[in-house]
Amino acid sequence: MAPADLPSPAPTSPFSLPVIRSSCILICSLVESYDLLLGRLDSLLPNRWQEVYGQLPRPTGSVDQLVAHFASRLDLTELDLVALSGAHTIGKAQCSAFSDRFGPREDGEFVQRLAANCSSDGERLQDLDIETPRAFDNAYYRNLVAGKGVLNSDKTLMNDPRTKELVEGFAADQWWWFFNQFGTSMKKVPLMYQAVPGRFGEIRRFGCFRRNSAPNQA
Ligand code: HEM
């Protein structure tokens, strides 16, 4: 990305210090805390779902597609891709998010288990981290090394030497590498949208869900 294309630093809210010490609210207790910039431009209207959907990476994506997707948004690197994918150490997915893996495409024991789970109840949600779904830890990466990634976009990180090495590194080093890198990469995320040309909005003064011009309307 050319320097001229880089977004300006996140604007700061008059209601907050430019940078404060903030804990990761995802799962607070275990993760190293990291600084977050506060005050960012929020759009005045909700995005249409088609636009939101169009901006999300696909769970069926290959490493090349995922890397390109992250690179097109503020220079997020392969390292950021692998570190941020570690958020899948918590949370669940609908079967439709990974059912592309069933059938002739893949027939390993783990995929069969996923398919059986979905066939008994298509509405059932699948833990993305099959070992410790409620803990923010590096089990997600250890699962990937063991061939137990749920989404294709998770599993495929082991198929490319660029990302495989990073997965193995995070699997081997939770505290010093994964937790630190997760914080570093998360700090880049709020800057992503300001890279979109022509985007406009406002820095919210009365709360995230209230427009400055109509603070009493949710
Ligand atoms: C690498 C590209 C990514 C892809 C393709 C992807 C895809 C998905 C999909 C398909 C789901 C399941 C949604 C559902 O079925 O309702 C999901 C869940 C989730 N993702 Fe990602 N994701 C990616 C990156 C990220 C990042 C960067 C984060 C945060 C830093 C993240 C955090 C989560 C969380 C927390 C859940 C669980 C949501 C819940 O339980 O309700 N993902 N992701």
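Me: What kind of model is it?
Reply: It is a predicted model.

Me: How many helices and strands are in the chain?
Reply: The chain has eight helices and six strands. Starting at the N terminus, the order is β-β-β-α-α-α-β-α-β-α-α-α-α-β.

Me: And what share of the residues is buried?
Reply: Of the 218 residues in the chain, 21% are buried. Among contacts with a separation of 6 or more, 67% are between residues 24 or more positions apart.

Me: Now the ligand. Which residues are closest?
Reply: Leu84, Ala87, Gly91, Ala93 and Gln94 are the closest, out of 18 residues that surround the ligand. Helix H3 (78-85) and strand E4 (92-94) are the elements that give two or more residues to this shell.

Me: How does the shell divide into nonpolar, polar and charged?
Reply: There are 10 nonpolar residues, six polar and two charged.

Me: What does the UniProt "binding site" annotation cover?
Reply: The UniProt record, an unreviewed entry, puts that annotation on Thr89, Asp129, Thr132 and Asp137. These positions span 49 residues in sequence, but no two of their C-alpha atoms are more than 9.7 Å apart, so they gather at one spot.

Me: Take threonine 89. Where is its place, and is it buried or exposed?
Reply: Threonine 89 sits in the loop between H3 and E4. It counts as buried because it has 25 C-beta neighbours inside 10 Å, and the cut-off for that is 20 or more.

Me: What does threonine 89 touch?
Reply: Leaving out residues up to four places away in sequence, threonine 89 touches Asp129, Phe136, Asp137, Ala139 and Tyr140. Two of those, Asp129 and Asp137, also carry the annotation.

Me: Where is aspartate 137 found?
Reply: Aspartate 137 is in the loop between strand E5 (125-127) and helix H5 (139-145). With 21 other C-beta atoms within 10 Å, aspartate 137 is buried.

Me: Last one. What span should H8 have?
Reply: H8 has 15 residues (174-188), and at 1.5 Å a residue it should span 21 Å. Its end C-alpha atoms are 20 Å apart, which agrees.

Note on methods
Residues are numbered from 1 along each chain as its sequence is written. This is a predicted model: local features need pLDDT of at least 70, side-chain atom pairs count only at pLDDT 80 or more; totals for chains, interfaces and linings use all residues. A residue is near a molecule or strand if its C-beta atom, placed from the backbone, lies within 6 Å of it. Helices (H or I, at least four residues) and strands (E, at least two) are DSSP runs, numbered from the N terminus. Ala, Val, Leu, Ile, Met, Phe, Trp, Tyr, Cys and Pro count as nonpolar, Asp, Glu, Lys and Arg as charged, and the others, Gly among them, as polar. A residue is buried if 20 or more other C-beta atoms lie within 10 Å of its own, exposed if 12 or fewer, and partly exposed in between; C-beta atoms are placed from the backbone. Two residues are in contact if their C-beta atoms, placed from the backbone, lie within 7 Å. UniProt positions are given in the numbering used here, feature names are shortened, and annotations may be inferred rather than shown by experiment. The expected span of a helix is 1.5 Å times one less than its number of residues.
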